[in-house]
Amino acid sequence: MKIKIAPSLLSADFSQLGLEVRKTERAGADLIHWDIMDGHFVPNITFGPVVVEKLRKKTKLPFDVHLMIENPDDFLEDFVRAGADMISVHAEACLHLQRTVHHVKDLGAKVGVALNPATPLNAVEFVLGDLDFILIMTVNPGFGGQKFIPSVIPKIRKAKEMIQAQGSKAEIEVDGGLNEENIPLVVAAGANILVAGYSVYCRGGIAKNIKLLRKSAERGMKLGMAQKPGFENFKKEMR
Ligand code: DX5
Ligand code: ZN
């Protein structure tokens, strides 16, 4: 699977988002990750469809829209019209998840289901065949710059096993607290879409940071090939 780096604009400079998006594209990112928050599903408020629409013409990169909102069905059309290429909805926010997944597909966007750290994988077991990706949270949603939760790594591995067992085409996106230390672990466990906000936008040059993250992902690919994923082994390996 191709590694895709998806910088999260939540940590970008909001006073010049157009420039930040341009710089992110030039720096070699694969996707732009939009963290949409409504102050209800998570205790924070960020962007709406109008902002996404304004930035659409600034870049050719696909927009990966992460809906951390209640009643996502009410906004799917707005985000697709605004230019979303991929939309993830939280399983925890959907009363009728299968219907919402098909609503996204009918609108022509790629569809993912996001799972908070404590939410079990079986929340997606019976829709996995319909998904383009699963978004596995490695922080509790709502803020950038939080600490990675390592106990989620076995969940990534189990997701990969479940995808392979079902013959699903779904990719695994991981989101929250990612950096060059933990990316090899999540890639070796089966993730290929890597969301990063703080480690891209809050530590000097965007291009340098994306290159660093991509290099660490390549290490993870080798780790994943070299040995059957067993978290203990990787912890030793990563010391
Ligand atoms: C958290 C968001 C994440 C977060 C990632 O609710 O979904 O996308 O912004 O940013 P970092 O890499 O700073 O944790
Ligand atoms: Zn996100």
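What geometry does the site of the zinc ion (ligand 2) have? The site is octahedral, with angles of 71 to 175° among six donor atoms. Six donors count as octahedral if opposite donors are over 155 degrees apart and all others between 65 and 115. Ideal angles for six octahedral donors are 90 or 180 degrees.

This is a predicted model, in which local features need pLDDT of at least 70 and side-chain atom pairs count only at pLDDT 80 or more, while totals for chains, interfaces and linings use all residues. Residues are numbered from 1 along each chain as its sequence is written, chains are lettered from A and ligands numbered from 1 in the order in which they are written, and side-chain values use heavy atoms, with hydrogens and water left out.

**The zinc site**

His 33 (NE2), Asp 35 (OD), His 66 (ND1) and Asp 175 (OD) coordinate the zinc ion (ligand 2) at 2.1 to 2.3 Å. Donors are N, O and S atoms within 2.8 Å of the metal (3.2 Å for Na, K and Ca); water is not among the atoms, so sites may look incomplete. Along the chain, the donor spacing is H-x1-D-x30-H-x108-D. His 33 lies in strand 2 (residues 32–37) and His 66 in strand 3 (residues 63–68), so the pair, 33 residues apart, links distant parts of the chain. Strands (E, at least two residues) and helices (H or I, at least four) are DSSP runs, numbered from the N terminus. Both His 33 and His 66 are buried. Buried means under 20% relative accessible area, exposed over 50%, and partly exposed in between (1.4 Å probe, protein chains only).

Eight strands form an open sheet in the order 1-8-7-6-5-4-3-2, with parallel pairing. Strand 1 (4–7) and strand 2 are at the edges with a single partner strand each, so one side of each has no neighbour in the sheet. Neighbouring strands are turned by 20° against each other on average, direction ignored. Two strands pair if DSSP finds at least two bridges between them.

| Strands | Sense | Bridges | Bridge partners |
|---|---|---|---|
| Strand 2 and strand 3 | parallel | six bridges | Trp 34 and Val 65 |
| Strand 3 and strand 4 | parallel | four bridges | Leu 67 and Val 89 |

In strand 3, six of six residues are buried. Phe 63, Val 65 and Leu 67 cover one side; Asp 64, His 66 and Met 68 are on the other.

**Helix 4**

Helix 4 (residues 97–106) has Leu 97, Thr 100, Val 101 and Val 104 as its buried residues. Seen down the axis, they fall within an arc of 100°, so they line one face of the helix. The arc is that of the directions from the helix axis to the C-beta atoms. Arg 99 and Asp 106 are exposed on the other side. The buried residues pack against helix 3 (76–82), strand 4 (86–90) and strand 5 (110–115). Contact means heavy atoms within 4.5 Å. The direction of helix 4 makes about 145° with that of strand 5. Axes are lines fitted to C-alpha atoms, for helices over the stretch in contact, and angles run from 0 to 180 degrees between N-to-C directions. Just after helix 4, Gly 108 takes a positive phi of about 90°.

**Two loop residues**

Asn 71 sits in the loop between strand 3 and helix 3. Its phi is near 45°, a positive value in a residue other than glycine. Asn 71 is partly exposed, at 46% relative accessibility. Thr 138, in the loop between strand 6 (133–137) and helix 5 (153–166), is buried at 0%.

Technical notes
Tetrahedral: all angles 85-135°; square planar, octahedral: opposite > 155°, others 65-115°.
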